[in-house]
Amino acid sequence: MVATGTAVLTAAPAAAESSTEITAASWAYVDSAAPKASFVDQAGNAPVGAHTYAGGTNHVSKSYVTFDLSALRGNRLRSAYVSTGETAVTDCSTTRSTELWLTAPAKKPTWNTQPAELLKVNGPFLDSSCPSDRLTWTATAAIQNALDAGRTTASFVLRLPDNQLNDPQFGREYDPKAKLFLDYDKPPAKPTGLKVTYQACTAKPLVVPRQVVLGVDVTDPDDAYPGTEFAFWPVDHPDQRTTLPGAALTWVEITSRVSEGVTYAWQARGKDDSGLFGPWSATCKFTTDFTPPAAAPVITSPDYHAEAPPGSGGTGIPGTFVFDAKGDTDVVGFKWDGGYAAADRRGGKATVRYAPDRNGPVSLSATAVDAAGNQGPTASYRYWVADNQPLVTCTPFDAYVGTERTCVFAPGSSTPVTEYVYHLSGQDDRIVAAGPDGKATVTVTPADPEQYTIQVSVRSRLATGYLTAATDEQMLSEAGEPEVETLTANPVQGLPLQFRVHATLPGSVTATYRLESGDPVTVPLEADGTATITVTPTTSSWNSLYVYTSLASGVRSGWGQGSAMVASNKPKVTSAEYPEGQTSGAVGTPGTFVFSSPVPGAVSYTYQFGSGPQTTVPAGPDGTASVVFTPTQSYTNSIWVTTKLADGTVSEQGGYYFYVAYSSPRLTCDATGWSVAPGQHIQCTLSPVQANLAAYGYQVDSGPETTLAPGPDGTATFGFDVPADRQSGSYVQLRAWSTNTAGTKSDEAGTSFYVYVNSGASARGTALAV
């Protein structure tokens, strides 16, 4: 007979995580064929339902699993489910109905002593595969039931419903290594780092001033920002415990909730976003003290006592200062200009050492401080610090940049000096030893041409090892900018432009220049300190040359500047027929335009009349070129021209404006009076203004354009009738023009006739020249 039974699965405690997986460590089953036997941790799988074995013996089984719940100790359960897989199914055509129940503890169950089945678990969830390698049941309520009952383990039974329990076709076997999956909330840890008004708690109650702030450090494995709940109470009245609701803060101010002269105890605990509290912290105590010391301390000094020149000590010489609370036992220390000094006893004294950093009248302040940090009135102690700063003399006082200066340092008092620490403006400290007479001599060379005022800062190192305050001596440094002279008169763009540089900085050997923003060029200076510089300006208008000179040592002067107004290299345009800026000629009247260049070497000119096409014409031997242009429009005309030079460069563009006079044939008509009548015949004459006249043309209203040949005298006559259906109050428009033999059309002449109908009266019109 093969034994079947209940699997008891026991797992080790889970790691401290908010989610964990617990695997069964043992299992057991019960068998109807052996009602008094308990089968624990047997080899094989966990049988459920009826199975027929050799010899026709029927065995009905239930299998049990047990899980260790220690991972949930002190934590809040969120969800749980149990999972295992089918290892054998008698008939996959049958409906899967395996049930999972929470039971009483099942350490050694038998068929006759089956643990009570307490709560049915939801599941299993549908799975179309058979056998299924993963069936799950939701066990949250069951695990919570076990926890509420105070159990440290949870046992479950895998069984079939009563109506299938004894039918072999429903029999199944399961993997005894079932798993329990838990998702739980771990509470915040016990708070640490307790502080009162930013002071760490101590065994002895802290004494705090008027503002009282409680603070702790709280961590939570599941929550990066846990809140905190605080509780505090007078030590003598624990029944007055006040709890401040948890919030997303790790501190709370209780100034308005405490009274003066009372000792309080307090503690705190963490609270996560789901409302789960952690353990209370240790208890901290504090005593409130809102009253500051009543009197200012008395300040004395055996070293610095004089209140008038010549004073005592000196800069860098430390002295002793005593702060005395005069027996006020509320005072535990003193806040002074150098920080905080504790009193030797309550109401006692504090002694500090302080080295003044300036001479003359000096004031030192101190305030009495009590154990709570309350500050009383401030006392001020005035004294005079003797002048012991070094004496500094530098010669020459005013010189050019790069000139070596001699500086002599001497002691400023009778205290022996071992060395001097000095530096120039913007430079690092240097050290020079003092001679037997206490003096030292150094040479310094200002090298920055942009720095006009040079400061030498010097401190004395006393034989005691202390440094005095600094003496600052000033010198002047002349930049020595060179003078720049423009040599070329009336310079032109693209032609050489000469400047002469005159060095001002003595000993200059080179000049470095640049034209506008060009690259710098360095040239040697002549023996007389001059250099002639030739540049070629590439732009017109003002051009500036920037120059500095340099010594052989590399020290340079400031920048000098020379400027010249450079004329443009754009070509010049002239015309006898159409002078620039004047009104002349006429449409159809040709004019000759001459191009010349202010720069030698013109090869060709590229020109454009108005918005017409660009055309290039070669330059003649004299560097000029001319073109003939016949205007086709009156009023404003323009021409744009550039020069191409022999070196391949192109000049700036030149512009030339001229104005063509308005010219149209003279138009006269015989219509007299103020108006014309419908059907009236009008006779007109055209007189020439255009040279080489070829024809006239005219148009009435929007009718066809009509061409007329001029007569021997150059005139032409034509007539037309006012339309008979023309309404009174309308106008008849007439325009006329001429054309020369080149086909150029003149400007137009025009007039209009007002049509008027008067009953019984003849209509007349007036020709108005436009």
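Mentor: A disulfide is counted here when two cysteine sulfur atoms lie within 2.5 Å. Please keep in mind throughout that the model is predicted.

Trainee: What makes Cys92 and Cys130 a disulfide?

Mentor: Their sulfur atoms are 2.0 Å apart, and since the cut-off is within 2.5 Å, the pair qualifies. The torsion about the S-S bond of Cys92 and Cys130 is about -85 degrees, and the disulfide is therefore left-handed. Cys92 sits in the loop between strand E7 (86-89) and strand E8 (99-103), while Cys130 sits in the loop between strand E9 (117-121) and strand E10 (135-138), so the bond ties together parts 38 residues apart in sequence.

Trainee: Why is Cys92 called partly exposed?

Mentor: Buried means under 20% relative accessible area and exposed means over 50%, with partly exposed in between. Cys92 has a relative accessibility of 41% and therefore counts as partly exposed, and Cys130, with a relative accessible area of 30%, is partly exposed as well.

Trainee: How do you know whether the disulfide of Cys201 and Cys284 is left-handed or right-handed?

Mentor: The torsion about its S-S bond is about -95 degrees, so the disulfide of Cys201 and Cys284 is left-handed. Cys201 lies in the loop between strand E15 (199-200) and strand E16 (206-208) and Cys284 lies in strand E22, so this pair ties together parts that are 83 residues apart in sequence. As for accessibility, Cys201 is partly exposed at 24%, whereas Cys284, at 2%, counts as buried.

Trainee: What makes the disulfide between Cys669 and Cys684 right-handed?

Mentor: Here the torsion about the S-S bond is about 105 degrees, so the disulfide is right-handed. The sulfur atoms of Cys669 and Cys684 are 1.9 Å apart, and the two residues belong to strand E53 (residues 666-669) and strand E54 (residues 681-687) respectively, so the bond ties together parts that are 15 residues apart in sequence. Cys669, with a relative accessible area of 18%, is buried because the limit is under 20%, and Cys684, at 0%, is buried too.

Trainee: How many disulfides does the structure hold, and which pattern do they follow?

Mentor: The structure holds 4 disulfides, and with bonded cysteines counted along the chain their pattern is 1-2, 3-4, 5-6, 7-8.

Trainee: Why is Pro297 called buried?

Mentor: Its relative accessible area is 5%, and because buried means under 20%, Pro297 falls in that class. Pro297 is placed in the loop between strand E22 (284-288) and strand E23 (298-300), and, leaving aside neighbours within four places in sequence, its contacts include Asp324, Phe334 and Pro377.

Trainee: What makes strand E56 and strand E59 edge strands?

Mentor: The open sheet has 4 strands in the order E56-E55-E58-E59, with antiparallel pairing, and strand E56 (706-708) and strand E59 (749-754) each pair on one side only. Strands E58 and E59 are joined by 6 bridges, where at least two are needed for a pair, and in one of these Ala736 has Ala749 of E59 as its partner.

Conventions
Residues numbered from 1 in each chain as written. Predicted model: local features only at pLDDT ≥ 70, side-chain atom pairs only at ≥ 80, totals over all residues. Heavy atoms only, no water. Buried < 20%, exposed > 50% of the residue type's maximum accessible area, 1.4 Å probe, protein only. Contact = heavy atoms within 4.5 Å.
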